[in-house]
Amino acid sequence: MAEVKIQAESRTEFGKGAARRIRRENKVPAVLYGHGSDPVHITLPGHDTMLALKTANALLMIEVEGGESHLALPKQVQRDPLKGFIEHVDLVIVRRGEKVQVDIAVHLEGEAVSDTLVVLENASILVEAEATHIPDGVTVSVEGLEVGAQIHASDIKLPVGTTLAIEPDTLIVNVTAQQTAEQLEGELAEAEAEAGIERDEPETPAEQPVAAAAE
């Protein structure tokens with residue numbers, strides 16, 4: 001994974017008011033910490049930060065004004081729940097060659113046999129890798145799998161230098177029989193009954209008045 005260089009500014013103002021002023025300037029308040037060093041409060045350029053954090057586990061080279069540089073990984077990214085813009089970033093300082101634990105995405109490829117349902121039980125797995133060699137994700141093939149097939153964490157082929165950091169028997173993929181419309185309707189009716197929801201009976205067409213016989 002390539003390093004992304006981001007120019008940062010030292011930050012001396014704190015609190016909600018200061019954070020709002022920073023965001024109005026299209027910048028992001030952030031903090032760097034780790035390796036026993038005191039937290040470093042900085043301000044990041046909003047656009048560059050947004051682009052960099054589109055990649056999971058982005059490796060950032062934070063260059064602070066004055067010549068200080070830190071290699072870091074995003075630890076926590078706070079976003080506005082409605083507009084989605086980045087409100088604050090926690091960055092953890094890492095060293096080259098250092099092992100870190102991160103979640104990486106699980107991608108599925110291929111198709112199971114017909115009339116099956118492939119369930120991705122875990123969309124990511126926790127692994128340990130060098131900070132400068134974190135994989136983008138892992139690809140798992142479900143080609144030709146039949147009902148009852150399962151893929152566990154230990155079955156996934158990881159890149160060289162990457163090891164599992166979760167229990168090997170963690171279920172990742174589960175292949176089940178595809179439900180019929182009748183089964184889905186039955187489950188829905190059962191759920192409604194448990195929730196105390198009563199369905200209205202279908203109405204029968206109103207009887208039409210019978211015309212009087214002509215005399």
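## The largest pocket

In this predicted model, the largest pocket has a lining of 14 residues. If you want to find its centre on screen, look for N57, L73, P74, K75 and V102, which lie nearest to that point. The pocket holds about 280 Å³ of space.

The largest share belongs to β5, with five residues.

## Salt bridges

Let's turn to the charged side chains. Side chains of opposite charge can pair when their charged atoms come close. This structure has three such salt bridges.

One of them joins the side chains of E3 and R96, with a distance of 2.5 Å from N to O. The two partners come from distant parts of the chain, 93 residues apart. E3 sits in the segment before β1 (4-10), while R96 belongs to the loop between β6 (86-93) and β7. How accessible are they? R96 counts as exposed because its relative accessible area is 53%, whereas E3, at 31%, is partly exposed.

## A network around K27

The other charged residues to look at are E9, E25 and K27, which salt bridges link into a network. The side chains of E9 and K27 meet at 3.3 Å, N to O. E9 is part of strand β1 and K27 is part of strand β2 (residues 27-34), so this pair ties together parts of the chain that are 18 residues apart in sequence. K27 also forms a salt bridge with E25, and there the closest N and O atoms are 3.9 Å apart.

## A nonpolar patch on the surface

Finally, which residues form a nonpolar patch on the surface? They are L108, V118 and L120, and together they present about 190 Å² of accessible area. V118 is found in strand β8 (residues 116-120). With a relative accessibility of 30%, V118 counts as partly exposed, because that class covers values between the buried limit of 20% and the exposed limit of 50%.

Technical notes: Residues are numbered from 1 along each chain as its sequence is written. This is a predicted model: local features need pLDDT of at least 70, side-chain atom pairs count only at pLDDT 80 or more; totals for chains, interfaces and linings use all residues. Side-chain values use heavy atoms; hydrogens and water are left out. Patches are made of residues with over 30% relative accessible area and no salt bridge: like charges are joined within 9 Å, nonpolar side chains (Val, Leu, Ile, Met, Phe, Trp, Tyr) within 5 Å. Accessible areas come from the Shrake-Rupley method with a 1.4 Å probe; for residues, only the protein chains shown count as cover. A salt bridge is a side-chain nitrogen of Lys or Arg within 4 Å of a carboxyl oxygen of Asp or Glu. Helices (H or I, at least four residues) and strands (E, at least two) are DSSP runs, numbered from the N terminus. Buried means under 20% relative accessible area, exposed over 50%, partly exposed in between (1.4 Å probe, protein chains only). On a 1 Å grid over the protein atoms alone, a cavity is a set of points where a 1.4 Å probe fits but cannot get out, and a pocket is an open set with protein on both sides within 12 Å along at least five of seven lines; lining residues have an atom within 4 Å of a point. Grid points are joined across faces, edges and corners, and a volume is the space filled by probe spheres set on the points.
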